[in-house]
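These are my notebook entries on a set of look-ups, kept in the order in which I made them.

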2 protein chains.
Amino acid sequence: MKIISKSDLVSLKRSVDQGTEAQRKSVQSIIEQVKLHGDRAVKEYTERFDKTALDSLQVTREEFEKAYEAMDGEFVEILQEAADNIRTFHEKQISHSWFDTSIDGTILGQKITPLDAVGVYVPGGTATYPSSVFMNVIPAQVAGVEKIVMVTPPGEDGKIPDGVLLAAHILGVENVYKVGGAQAIAALAYGTETISAVDKITGPGNVFVALAKREVFGDVDIDMIAGPSEITVLADDTALAPEIAADLLSQAEHDARSSSVLVTASEDLAEKVQTEVHHQLEDLPRADIARQSVEDYGMIIVCDTWDEAIETVNDIAPEHLEIITSDPFQHLGKIKHAGAIFLGPYSSEPVGDYFAGPNHVLPTNGTARFSSPLTVDDFVKKSSVISYSREALQTNADKIARFARLEGLEAHARAVESRKERWK
Amino acid sequence: MKIISKSDLVSLKRSVDQGTEAQRKSVQSIIEQVKLHGDRAVKEYTERFDKTALDSLQVTREEFEKAYEAMDGEFVEILQEAADNIRTFHEKQISHSWFDTSIDGTILGQKITPLDAVGVYVPGGTATYPSSVFMNVIPAQVAGVEKIVMVTPPGEDGKIPDGVLLAAHILGVENVYKVGGAQAIAALAYGTETISAVDKITGPGNVFVALAKREVFGDVDIDMIAGPSEITVLADDTALAPEIAADLLSQAEHDARSSSVLVTASEDLAEKVQTEVHHQLEDLPRADIARQSVEDYGMIIVCDTWDEAIETVNDIAPEHLEIITSDPFQHLGKIKHAGAIFLGPYSSEPVGDYFAGPNHVLPTNGTARFSSPLTVDDFVKKSSVISYSREALQTNADKIARFARLEGLEAHARAVESRKERWK
């Protein structure tokens, strides 16, 4: 892991997989086929890509029950507690419809309505991600979404990992389908005989999933195109090097393209953390991935001043930011761009991945400049409400008509003028 | 304007201009050139597409003042009042940072931060759109965005319409540049020597602008890809046919691809409105556009029951919905999908375009199923805040570690376990 002084830093290396032209073409063709042939196309792609031939796409009640029985009771309780914490936090995000009345009788407001139907993509592959189920489904449930459809690629044995089924079962999600990749996104966006179309698709996936989400965006809404995981730690001399190193590695182990960065004004800390990272790397199960990640995308940036350190953090706009200093809340107001901000020595980033309550779906790749964590707001939409009064119409019709005519829109002007005349 | 019974309705014709492959290629090349050559490329494209050779892209103080002097004082006051109304409404949308403390010392919350810089595209062409300036700039100002950059294409005389300059001047927007099309979007997304890069781009434009916004999306945020204007009127026998016809035409005059629809359970009303539309069309200045629009995209849908009428409205998910019935608020709770809902006989749609206060930037083409009007929320982003306490860490570290290991992420588990050990 390189140590570099801020003055020598040109820019941070980051990775976004935009996909190749061939991948994009392939995704477009998969979407087209699923639109045309529905379940038949979905099953064919599942056989081709996931190497399993399925009679039925939907997870059965028996499969849910088996997953539940396979898991030991203590772990079920942990999952349940995590789900409760996540639900409690997200319930605080609920927005309410509001309106405002004027003395002339006019009512203006904003109506909040949950989305009708949402699709959640849960990635497959070697690992199993019950936390991803929680973080995508719970905000939708809290928002009041009635129909939640989950898709996740089956293994070659045609099965879904127990952890994922259990998480879905705990949340009461019944519509779970064994389909992944671009074909899953197409099925969610346009519907098939068994999978009903949704209004929004959330959840991370591989490059084919990301390209497919981008492709269907507009016909349905999507959450965001997630890049590799990132952490930036902002620390002073009061921070302990082993803890910083452990947290940096907790992101580095996700993906060889994950980015782990320490920003500090302390050269001493920089050196200690560098040593610790290499030391702790030695016996990590995913050491190869983590080593590649810290070599290619990891960095320790030493700043001359603390102000420069803060500025560096804002330039990075990290997905996860840890502030480990003597008085971390002092700096909170200065942080402009970060997906999630972890304050103090006890707030190790994994605390937020699974358990504390806030969402772990966060903006990556600098998009914290303009994007937010996944929240309940992402599963509702607003409608403006306008009830103009007779009095307001009389007072304002001429002004509105004049404004409309300036914009060359005569029918607009007449609509209000004729009403003023009629409702004198 | 066709009358059709609900049972015969297959689907509503709607229009989205996805652009041709050639247009897409052209937009990609324009963006590339602006990235490479900055102002020089911008000026070349402006000369080619807008037929004007500009020395300086930025609108000068003198130009603002001239626009101000050219406009009569009464109209300036109308604009000012509209701006005040819009600001008052949007101020009610302000979200606040919040946090919640637990008895164990943990603090969880959500920090709201305005975007640093926003670009507003104001369309040019034959008309002048001060209302578009207001509706895009005011929410950004209310959100607390520090840097607002406006772009709009110049006429062949190298000038911007007075109404647009005046609107910008009233709002105190100083950074206004004479550039339109894909080159304007590229300049906002990536910056040039004179136009600084922004974090989000809002505002409607032609197909080149829409394609360019789609292309830069991800590097910056965008509002939405707006389609042609739409209105659906839901009315019973208490509604007056001339008013409905006038409101339908106020959308139809926007664009030959605009969609104006009446949904009712009254055959009598349907026939009266049909007659009125044709009658009022006769002497409209933009009659050609409006006629084409009502012929191609207009429709009167007669339903058997009122429930069916409500269902039809939700199926359409219109940009603008008017409810003109004996007791319109009765139906508000049943409306699930609409950009803006206008209630009662005095709430003619143009009231909302210019003056009442809510935003006129609304989801089109059925995207009200999952999209919202432009609001102050679109100009802020959230960051999760997590300050875990020592006590919470001690209580929960083992659970978090176990969860992490289920997901195969050992470094995550160690980060919390080692901390638990150290802070006993």
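I count a salt bridge where a side-chain nitrogen of Lys or Arg lies within 4 Å of a carboxyl oxygen of Asp or Glu. I note at the outset that this is a predicted model.

**Entry 1. Salt bridges within chain A.** I looked up A:D221 and found that it forms a salt bridge with A:K200, with 3.2 Å between the closest N and O atoms. A:D221 lies in strand 8 (residues 221–222) of chain A and A:K200 in strand 7 of chain A, so the pair ties together parts that are 21 residues apart in sequence. I took buried to mean under 20% relative accessible area. A:D221, at 15% relative accessibility, counts as buried, and A:K200 counts as buried at 4%.

I then turned to A:D223 and A:K213, whose side chains meet in a salt bridge at 2.6 Å, N to O. This pair links distant parts of the chain, 10 residues apart: A:D223 is in the loop between strand 8 and strand 9 of chain A, and A:K213 is in helix 8 of chain A. I recorded A:D223 as buried with a relative accessible area of 18%, and A:K213 as buried with 3%.

**Entry 2. Salt bridges between the chains.** Between chain B and chain A the count is 24. I examined B:R402, which forms a salt bridge with A:D72, the closest N and O atoms being 2.4 Å apart. The pair crosses from helix 15 (residues 390–406) of chain B, which holds B:R402, to the loop between helix 3 (61–70) and helix 4 (73–91) of chain A, which holds A:D72. B:R402 counts as partly exposed at 29% relative accessibility, and A:D72 counts as partly exposed at 37%. I also found a salt bridge between B:D72 and A:R402, with the closest N and O atoms 2.4 Å apart. Finally, I noted a network of salt bridges that links A:D283, B:R405, B:E410, B:R414 and B:E417.

**Entry 3. The contact as a whole.** How many residues does the contact take from each chain? I have 116 residues from chain B and 116 residues from chain A. The two chains bury about 10,400 Å² between them, with 60% of it on carbon and sulfur atoms. In chain B, the residues that lose the most area to chain A are B:Y346, B:F370 and B:F403, together 8% of what that side buries.

**Entry 4. Strand 10 of chain A.** I found 6 of the 6 residues of strand 10 (residues 259–264) of chain A buried, so this strand is largely enclosed by the rest of the structure. A:S259, A:V261 and A:V263 cover one side, and A:S260, A:L262 and A:T264 the other. Strand 10 of chain A pairs in the parallel sense with strand 9 (residues 230–235) of chain A over 6 bridges, and A:I231 has A:S260 as its bridge partner. With helix 9 (residues 241–252) of chain A, these strands make a right-handed β-α-β unit. Strand 10 of chain A also runs parallel to strand 11 (residues 299–302) of chain A, joined by 4 bridges.

**Entry 5. Helix 7 of chain A.** I found 9 of the 10 residues of helix 7 (residues 181–190) of chain A buried, so this helix is largely enclosed by the rest of the structure. Its buried residues pack against several elements of chain A, including helix 1 (21–37) and strand 4 (117–121). A:G191 follows helix 7 of chain A and has a positive phi, near 80 degrees.

Note on methods: Residues numbered from 1 in each chain as written. Chains lettered and ligands numbered in written order. Predicted model: local features only at pLDDT ≥ 70, side-chain atom pairs only at ≥ 80, totals over all residues. Heavy atoms only, no water. Buried < 20%, exposed > 50% of the residue type's maximum accessible area, 1.4 Å probe, protein only. Helix = DSSP H or I, 4+ residues; strand = E, 2+ residues; numbered from the N terminus. Pairing = 2+ DSSP bridges. Right-handed = clockwise from strand over helix to strand, strands pointing away. Contact = heavy atoms within 4.5 Å. Buried area = accessible area lost by both parts, 1.4 Å probe.
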